[in-house]
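Visitor: Hi! I'm new to this one. Could you walk me through a few parts of it?

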Amino acid sequence: MRAKGIALLGGVTVPLITPMDETGRPVAADDLLDALAGAGVEKLMLLGSNGEGPLLPTGAIGAFLNGVIRKWRSLTDGGVVTVNVTAAGTLEALERAEIAAAAGADALVMSPPIYFHHRDDEIVAHYAALAEIGLPVVAYNAPRYSNPLTRELFDALLGLDHVVGIKDSSGDIEFLGHLVERARTRPGFAVSQGAETHLAAALELGADGIVPGIANIGPGLSLQLVAAHDAGDRDETDRLQALVTELTELHAIRRGTPGVKEILAQLALCPPYVAPPLLRSEPAERDAFQQFIAAHQNQLLHPPKG
């Protein structure tokens with residue numbers, strides 16, 4: 001399993017939004033998947049914060065995972081799908097992990113437990129429990145939503161063979177640098193960055209990949225940014241980072257997934273509905289998103305021609 005981290009997290013991973021009906025239950029994502037594959041995306045993460053995973057009941061995720069993974073396999077040659085199984089307790093995380101494994105996920109992604117504060121040894125035990133599923137595990141540091149992964153906890157997770165990488169969404173560049181440095185002590189262990197305004201900085205520090213939520217609406221910029229970095233073109237990398245950062249201005253209209261979904265709805269790629277208690281964008285916000293789309297047409301995802 002140790003060699004799988006970079007293969008799973010290298011380059012660009014799109015943390016896919018979850019298309020939903022008016023009740024907030026998942027529906028097919030075929031139109032969005034067609035467009036993302038057409039744009040050159042190869043890697044998806046399902047049911048993360050962009051995918052509203054923790055808001056969905058465990059019983060509602062199986063059919064969605066099966067449909068997305070089957071469709072993605074048909075669209076891509078060796079495309080990677082990781083699935084977030086974050087939960088408040090270990091038993092629910094294991095139940096979600098079993099569903100993801102049965103659907104064909106390549107790896108599991110998991111934050112420390114949400115809701116309660118836990119001791120470090122309890123968090124390590126939470127990650128250790130996933131070994132029984134038999135899939136590689138990516139640790140997910142999202143301190144806005146769960147217990148944070150500290151330096152000490154990360155060092156402990158490096159000792160678990162089935163943990164093969166980490167996605168950091170803290171936005172703390174100094175901490176990310178520490179993760180990259182420590183990851184080098186485990187061959188094949190990967191570090192990926194989710195903070196959208198720091199993608200170029202993360203790659204410069206040595207991160208293996210990026211997982212920007214903004215790639216749901218503008219994946220081309222992120223793909224080009226990684227390519228420019230790999231080619232050693234610092235000026236182009238910085239230019240593309242500036243364009244990505246401009247797209248994050250959507251959050252000034254409506255922060256988070258409801259705004260992303262409204263844009264995708266206006267692009268005819270996804271319904272605008274979200275999981276309760278979230279509410280869809282209001283009429284004034286929808287009007288503002290029309291103007292946003294007009295201003296960023298060249299950077300945004302569109303349905304494939306034909």
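Guide: Happy to, and keep in mind that this is a predicted model. Let's begin with helix H2: the cover over its buried residues includes strand S1 (11–15), strand S2 (43–46), H3, helix H9 (219–230) and H11.

Visitor: Which residues of H2 are buried?

Guide: They are Leu32, Leu33, Ala35, Leu36 and Ala37.

Visitor: And at what angle do H2 and H3 pack?

Guide: Helix H2 (residues 30–38) and helix H3 (residues 62–75) meet at about 30°, and their axes are 10 Å apart. Angles under 35 degrees count as roughly parallel, so H2 is described as roughly parallel to H3. The crossing of H2 past H3 is right-handed.

Visitor: Which residues make that contact?

Guide: From H2 there are Asp30, Leu33, Asp34, Leu36 and Ala37, and from H3 there are Val68, Lys71, Trp72 and Leu75. By type, the residues of this contact are 6 nonpolar, no polar and 3 charged.

Visitor: What comes just after H2?

Guide: Glycine 40 is found there, with a positive phi of about 105°.

Visitor: Switching topic: where does glutamate 262 lie?

Guide: Glutamate 262 is in helix H11 (residues 257–266).

Visitor: Is glutamate 262 buried or exposed?

Guide: Buried, because its relative accessibility is 5% and the cut-off for buried is under 20%.

Visitor: What does its side chain make a polar contact with?

Guide: The side chain of glutamate 262 pairs with the side chain of arginine 280 in a polar contact at 3.2 Å. Setting aside neighbours within four places in sequence, glutamate 262 is in contact with Pro272, Arg280, Ser281, Arg286 and Phe289.

Technical notes
Residues numbered from 1 in each chain as written. Predicted model: local features only at pLDDT ≥ 70, side-chain atom pairs only at ≥ 80, totals over all residues. Heavy atoms only, no water. Axes fitted to C-alpha atoms, helices over the stretch in contact; angles between N-to-C directions. Helix = DSSP H or I, 4+ residues; strand = E, 2+ residues; numbered from the N terminus. Parallel < 35°, antiparallel > 145°, perpendicular 65-115°, else oblique. Left-handed = near helix turned anticlockwise from the far one by under 90°. Contact = heavy atoms within 4.5 Å. Nonpolar A, V, L, I, M, F, W, Y, C, P; charged D, E, K, R; others polar. Buried < 20%, exposed > 50% of the residue type's maximum accessible area, 1.4 Å probe, protein only. Polar contact = N/O pair within 3.5 Å; in protein donor to acceptor, adjacent residues only side chain to side chain.
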